[in-house]
Structure formats: C-alpha cells, structure tokens
Amino acid sequence: MQRAKKTKVIYPGTFDPLTNGHLDLIARASKIVDELVVAVHRNSEQGGKGKPLFTFLEREQMLREATSEMPNVSVTTFDGLLVNFAKSQKANAVLRGIRAVSDYEYELQMAMMNRKLDPEIETLFMIPGERYTYVSSRLVKGVFMLGGDVTSMVPPNVIERLKRKSLGKIS
Ligand SMILES: Nc1ncnc2c1ncn2[C@@H]1O[C@H](COP(=O)(O)OP(=O)(O)O)[C@@H](O)[C@H]1O
Ligand SMILES: [Mg+2]
C-alpha cells in the first residue's frame, strides 16, 4: 500500500547538551518517518530554565556531528512559537520524548497548547530505550561538573565539548 504523503516530523528541544537519550529517540524516529528535523530552540538562551551552558550554535553543531550518518535527519535552530516553525517547515507532526511519569504532565500541557494554537500539527510521543530513561541534560551537566563519569550518557563529541567548556577554552 502506498502512503498518501511523506511524513516530516520536527523534534524540538533545548539539547543543552545532546544526550544519548535524545540520540536514541532520533534513531528510533528516523526509522519510521521520511524526514526528521531536529530543531534547537534559540529562545531558551533567555528562557525561564536559566542560561544554557552551550550557545545555540554549539548545540546545533553537536547535533550535526552526531547525526551526520543519518541521511533523513537534518538539524536546524528556530525562534518563537514551535507551531509557527512547524508550519513554515510544512511538517506533519512534532516529536517529544517521555522518560517517566514526571515528563507526562508538562508534555501533555504543551501538546494541548500547541493543538489549540494549530489544530493541524500532531504531537507524537516516543519512549527511549530503558537505559536512557534516567538520562537528562541537566543531570549530565551536574554530574560532569562535579567530576563524575558521563561517558555512557552522551556521545564522544559532547564529552569533548564538555571538557573544553570546563577548561574555559570556549567562552
Ligand atoms: N533521555 C531521554 N530519553 C528520551 N527523551 C528525552 C530524553 N531526554 C530528553 N528527552 C526529550 O527530548 C525532548 C527535548 O528535551 P530537552 O533538550 O530537555 O528540551 P526541552 O527544554 O524542550 O525539554 C523532550 O521531549 C524531552 O522529554
Ligand atoms: Mg527538558
């Protein structure tokens, strides 16, 4: 059976930094959609969650490096409302990850709000492999800065960036 149209899905996030949990989701989604656009939210630079460790350009670069072997995955940044960006990309849906029940309430609220803003954009949820359910960017940063080993939680290029950041070589 032929599918009526190609599926283009946006995976938005802060990615400060990219983790193996994000990558697990990207790999899973890239197998079932035609085109996956990973989109770093630029507003999070001033957002309510505090200043990110990495600039949005660094976060975009880390994602580019880690997904370079995935032909149907592209990486970009966006500003403003997600639904406006999704529409400008002619995307069918937005992808979000759910690790635990604690993610659910916030994600449900966001999905409902986005549906209110644009009823044509669907939100898809995927769950990562079990070993990534406890991995978060926030914990990775915290553990790394206290000298803990995070090599199993982020890709090698992110480890390099974290080391350079902590040495103050990158502003
Ligand atoms: N370890 C993980 N496994 C699966 N999904 C994850 C993981 N870490 C984060 N995510 C999901 O990836 C998306 C982007 O997360 P994040 O970079 O924290 O940006 P945001 O600020 O939008 O939450 C969110 O849907 C989040 O739930
Ligand atoms: Mg988050």
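1. Contact here means heavy atoms within 4.5 Å, and helices (H or I, at least four residues) are DSSP runs numbered from the N terminus. This is a predicted model, in which local features need pLDDT of at least 70, side-chain atom pairs count only at pLDDT 80 or more, and totals for chains, interfaces and linings use all residues. Residues are numbered from 1 along each chain as its sequence is written, and side-chain values use heavy atoms, with hydrogens and water left out.

2. Val 140, Phe 144 and Met 145 in helix 5 meet Leu 162, Lys 163 and Ser 166 in helix 6. By class, this contact of helix 5 with helix 6 has four nonpolar, one polar and one charged residues (Ala, Val, Leu, Ile, Met, Phe, Trp, Tyr, Cys and Pro count as nonpolar, Asp, Glu, Lys and Arg as charged, and the others, Gly among them, as polar).

3. Helix 5 (residues 137-145) and helix 6 (residues 156-166) pack at an angle of about 55 degrees, their axes being 11 Å apart; axes are lines fitted to C-alpha atoms over the stretch in contact, and angles run from 0 to 180 degrees between N-to-C directions. The two helices are therefore oblique to each other, given that angles under 35 degrees count as roughly parallel, over 145 as roughly antiparallel, 65 to 115 as roughly perpendicular and the rest as oblique.

4. Helix 2 and helix 6 pack at an angle of about 150 degrees, with axes 9 Å apart, which makes helix 2 roughly antiparallel to helix 6. The residues of this contact divide into three nonpolar, two polar and four charged.

Conventions
Chains are lettered from A and ligands numbered from 1 in the order in which they are written.
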